[in-house]
Structure formats: C-alpha cells, structure tokens
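Student: I'd like a close look at one part of this protein, the place where aromatic rings get together. Could you walk me through it slowly?

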Amino acid sequence: MRRGASFTIITIALGCVGSPGCGGSPTPEMATPPVAAPPAVPAAEGPLHGGKAPREDTSLTPREVFFGNPDRTGVQISPDGKQLAYLAPHNGVLNVWVAPLADPKNAEVVTHDQKRGIRRFHWAYTSQHLVYLQDQAGDENWRAYAVDLKKAEVKDLTPLPGVRAELVHASPKTPTAMVIGLNDRDERLHDLYRVDLTTGDRKLIEKNEGGFVGYVVDDDFRAKLALAFTPKGGLELKTHDAKGAWETLVAVGPEDSLATSPVGLDRGGNKLLLQDSRGRDKSALVELSLATKQAEMLYEGKKADVSGVMRHPTTKKVQAVAETFERTVWTAIDPAVKVDLDKLDAALEGDVEVVSKSLDDLHWIVAESRDDGPRRYHHYDRKKKTPTFLFVDRDSLEGVPLTKMHPRVIPSRDGLELVSYLSLPKTSDPDLDGKPAAPLPMVLFVHGGPWGRDDWGYHPYHQWLASRGYAVLSVNYRGSTGLGKRFTNLANGEWAGKMHDDLIDAVGWAVKEQVAVPDKVAIMGGSYGGYATLVGLTFTPKQFACGVDIVGPSNLVTLLENIPPYWAPFRPILTERVGDPTTAEGKRFLLERSPLSRVDAIERPLLIAQGANDPRVKQQESDQIVQAMKAKGIGVVYVLYPDEGHGFARPENRKSFSAVSEIFLAQCLGGSYQPIGDDFAGSSITVPEGAQHVWGLSDKLPK
C-alpha cells in the first residue's frame, strides 16, 4: 500500500520536522557564525523567565527512547520474496541491513555510512541490488548509490557534486537498470537518465525542455506523461501526440492542483491511474485511457481524499484504496484481497498497512501501527493466510508507559472541521477518555508543509511532551491536505491570517474543554510549524506563554526569493497560494504577513533552532530575526547545527535539541525536565545566542 504518488521530482512543501529529518544546502552568506562563549550568568537570572528554577526529575523516560535511532525501520521484502532489507544502526548510524526472510535475526549490514545515516532505499528487481540516496550534511543534493549484495560493493551511480538525484522508476523488464532524474544540465530542471546499476553507465532518455515538474514513466522506460504547473498554479498532464510532441491530456485548475495527481500506469502503459478532485471536493481514484481520455471511477473519497492505493505488483490492478479522516480506513476493491485484509484485521490489534510485497504478491510485509507502542512488523503469507511476527521498530518502547492519542474534531470560528489529535499525560487521564482530571499546561505542536497533515499513531513529540507533564494538541488547520480541496484552498493568501485563526480556535477549544490552563500554552513546530510559532509570538503576542521554532521562516519575501533552484517549476503554486514577491503589492502583502516585521511585539520567551545547510528555509531566516530581536533588546535562545539541514537527521542532534527545549519549556510552563546528562555527546550543537537563558545550558556546552 502507498500514500500519494511518487512521480514528482521535487518536494512541493517546506517540509516536516519530527521524523528522521530532511536535508539542506549552504550558501556563502549563510555560513555558520563564530560562537562566542555565553556569559557566565545563572540561567534563572536571564530576562526570558523569572528566577524560579525548573523542576528536575531523574525518573523521566530518557530522551534517547524518543529521539534515538530506531532499531529497524523502512522494512522491505525483496522482489523474489526471499530476503528482507531494513534500516538499522551500525556503529550508531543508520545503514541498510539484509536478512533471509526465513531467518530475520541473521541480518548483515550491507552499507557503511558513518555520518548522517541512510533514510531512503529501494530493492532493485534483481533482488541482488539495493539503491539508496544520501546527501552531504543536509544539503539535499542526493546522490544515488547501488549496493551489489553478491560482490559486497557499493557504487556511486551519480558522482556529480552539487547535483540532486531522484529515483523515478524501476522495471521488472530491465532489472539491472533504473530511471533517475538529474539536474546536472540545468539546476532548475531534472532530465531523465537510464542508469545501469552494475556499471553506473548513464543514458539520457528525456531532456526536460518543457519546464516539467515530474514525469510518469512506463516499464519500457518511456516518459509517457509529463507534468507542468501553469502560471496561475494549475497543473497540466501532457502526453505525446502522433508526432512525438507534448500535448495536454488533462488540464487541472489551480483549485485542484494539490488534490489531483497521477498514481501510475497500468501494465501496458495505456491507462493512467489518477487521483482526481475535479468536479468534487474529496478526491476520487479514476482510471483514464490515454487514447480515448475516457475515465472510469474506481473509488470516491467520502469524508476525506484518497490517501493510499494498494496495487498488484505486476498486473498493476487496484486491490484496495484508503482514505484518512480521523484514522485511516482501507476499502478492498479486489474481493480476494478483502479476505486477506479481513484476516489481518482480525489477527492484529493496531492499524494495518501492507508496506512491501514480493513480485508474485504472495508475501507481504505488514506494519501494525499503534498510538501507544512501537510499530510491529509481520510477514503475511497469502497462501497460509496467517501473519508471522518479525520485530518492532523500537525495542526501547516496549514496556514504556506511553499515552494514547485521541482524535478530536474541533470547530473553527467559520464552521470548518479541524481534525486534531490530543495526547495527555497518563497520570492525568487514568480512564483513557481523553479528558484530564484538571486543566494542564499544553503544547500546541504545529505540523509543517503546510501542504501535509497530522495523522493518528505513535508520535515521538507527543509522547515525549506528555511524559513531561503536558497536554499536546496537533491541529490540521486549513491548508492541510487530504481533507478535501475546499479545506486546502481556503488557506490561499491566509498565512498568518485564517490559518493562524484555526490554531487560536483550537487553543480556545482546549481551554473551554478544561484540557489547557489558559496562560500555560506553548506553541512549537518545524518548518511551516516554525513559522506558525513565530506568528504566534508576533501577531498574537499574549496568546502563548512561549514558543519553540524549528527551521521556520521569519520573512516570506526572503523565503520565496531564496527557494532551491529545482523548485522553479513549482513557483506558480507558491505565488498563487502564499504571495508574489516580484510585485510591489505582493511584496508589501508578504512583509505584512512576516513575523520579522513585528519583532517589536514579542514579549514571551522564544527558542529558535536552525540547520546551517537548510536549502528550503535558509539560515538567513533564523539569523535575521535573532539579529532584529537583539537590536531591540529582546532576549532569544538560538541553537544552530552546522551539520544539519531542514530538520535534524542525526540522533545526537535530535537528543541535544530536545534536551534544550525540554528545559526551556519547563521554565516556561512549569513541567518537569530530565537533566542534560550526556545527551550532548556527539552532537554538533552550538548556541550563538542566549545560552544563559536556559537553566544549566552554559555549563554543558563545549568550551
């Protein structure tokens, strides 16, 4: 099963923070500044908080449990159904491991990354090769590497400095090759290359001369469709005419461009499976003939968009479809698969998803997700109709007192349904009804994107913050995707406007429902969530007790003027939905919606974290608001990582930042904190500004 489409070459959102992180790329003007030793002043005497020391508790669940590397993740079965591959630590760094399916404990490491860790890999159809991506220090200029299991060799398939590789398509017809997109000719555009996995030889198969954002490739390695955004933010799906020129097959208006996208081709490459929101609010799954342009409806979302599609590995027939409102629900299209899904639902307790299949579709890897425990992986044999437990993703979560995540639908002031998720400390909710015995200090944790969404399930930030005594609330504010196009489109031009109103309404709900103490609510998030944090402290300066901004933009003009070059085809979407920095009126509007323009209003404590190599939200975004606050005499804590990008990939850095933010929140909200201990070991953490404002931080930083 899969969510969304994998055809696109660029990432069409600022990104999300909270999982193993995204990447970034440095520019000369954003080099890491020298770090001066912080003043030797006790933290409690700093201007950000009062003189009261935060509450230390050595019995808290260690941060390593929440923010260390998983023990096993990204599990995939080989196409021949004989081997498993997954990511697991080797010498403390995530690498790819391979084991016989019949003996999962007999795994061997097959890659040897020693720095950031590997986060994305795929089996080749040979079942003897794996392909993975890796960048440098978070710059997101991914290189593709092939692992030959027989020879125990790793080959760099794209040894091109400063070039970003994207895995586009693999085919069982040509198992030793793969289509890879490269922006080596023009940094704004990705051309398609057929790359031999054994030799590394590359052959250009499609030159991107149409400003295309992505392609759909068939099993003969032909680019059957190309995708381009129109100047007004619409989307065109193009196919070849009789003379080989690109012509428009499907025209999608701006209102549908974030909810309509290709899923893939049928086995013959003659029909396109399309997630389609045109003429409806919730997207449907349709099959479109490339020759006749006739479409057949396969499934229509009821309360939410289509969020996942399960297909046969070789016939490409649709077997099941998912939609996600509060929780994900799968509907079987193929009666034979319904039998299997029913068997899995009966045998397993959590939400079930088929994450990988053998080529003959007889062996499935099934992930069983829970909100209060580790993800459990199973091997499902379709002949025997039974799942066999393999392992969990995090052994350290077994036996830890984790809390439940409660779906809540919160009304906005203008009548929208805000699908939200609430987690409470276990001691405050012994009957697990999602209502605390008394109001609690609360953290509003805002997702990134903004074109993404929060989902139900295990969430490390929710569990960590709840274990420290806080209620935690995440809200799918307008602009979040997957909940219908109207809900997404209502966010156009509403950064720091109605999008922020939704967050304020959710806090009001939490206070009214006696979940939150009114003057003890913090706002925290990454990427767009970091921007929302800055908006919270500048546009509504008395609403929040404090804020934690992780890689959030402070100035929408400089954000949009400095997007990565390979986002150029996506610029119309940003212009249509955020604003246009190329016109005087557009620039004025964007500055009005920028937290940097309202620094004077900040009166509550603020913690900012940034990766120096972030290509999406560059270091300039954090530097400029820190400098502006200093110029106004406003205290701020600024944590900077020289080896990170858009989010923190290295577990050492994740742990160190959570240690800082844990003390910061304890000072602000009155919760408890675990001493820093050795959680800075191996981290690249620097604090260019404000270390004296966090209790005990100055003493723990490298001298």
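Student: Which residues do ring pairs link into a cluster with Phe 66?

Tutor: Keep in mind that this is a predicted model. The cluster joins Phe 66, Phe 67, Phe 445, Tyr 461 and Trp 464 through ring pairs. Across the whole structure, a search turns up 21 aromatic pairs. Let's zoom in on one of them. The ring centres of Phe 66 and Phe 67 are 6.5 Å apart and their planes meet at 65 degrees, so this pair counts as edge-to-face, given that the label needs an angle over 60. Both Phe 66 and Phe 67 are buried.

For contrast, look at Tyr 641 and Phe 648. Their rings sit 4.8 Å centre to centre with 50 degrees between the planes, and that pair is tilted. Tyr 641 and Phe 648 are buried too. If you're wondering about those two numbers, a pair of aromatic rings is described by the distance of the centres and the angle of the planes.

The charged end of Arg 327 sits over the ring of Trp 456, 3.5 Å from the ring's centre. Over at Trp 142, the charged end of Arg 120 does likewise, at 5.2 Å from the centre of that ring.

The largest nonpolar core has 86 residues, and Leu 237, Met 442, Leu 444 and Leu 473 have the most contacts inside it. Helix 5, residues 498–512, gives the most to this core, with seven residues. Take Leu 444 as an example: leaving aside neighbours within four places in sequence, Leu 444 touches Leu 473, Val 475, Leu 503, Val 507, Ala 522, Ile 523, Met 524 and Phe 544.

One last stop, if you want to follow the chain towards Tyr 641. Strand 36 (637–641) is one of the elements that the buried residues of helix 10 pack against, and helix 6 (528–538) is another. Helix 10 covers residues 619–631 and reaches 18 Å from its first C-alpha to its last, close to the 18 Å expected. Its buried residues include Ile 625, Val 626 and Met 629. Just after helix 10, Gly 633 takes a positive phi of about 75 degrees.

Conventions:
Residues numbered from 1 in each chain as written. Predicted model: local features only at pLDDT ≥ 70, side-chain atom pairs only at ≥ 80, totals over all residues. Heavy atoms only, no water. Phe/Tyr/Trp six-rings, centres within 6.5 Å; stacked < 30°, edge-to-face > 60°. Buried < 20%, exposed > 50% of the residue type's maximum accessible area, 1.4 Å probe, protein only. Lys NZ or Arg CZ within 6 Å of the ring centre and 35° of its normal. Core = buried A, V, L, I, M, F, W, Y, C linked by side-chain atoms within 4.5 Å. Helix = DSSP H or I, 4+ residues; strand = E, 2+ residues; numbered from the N terminus. Contact = heavy atoms within 4.5 Å. Expected span 1.5 Å × (residues − 1).
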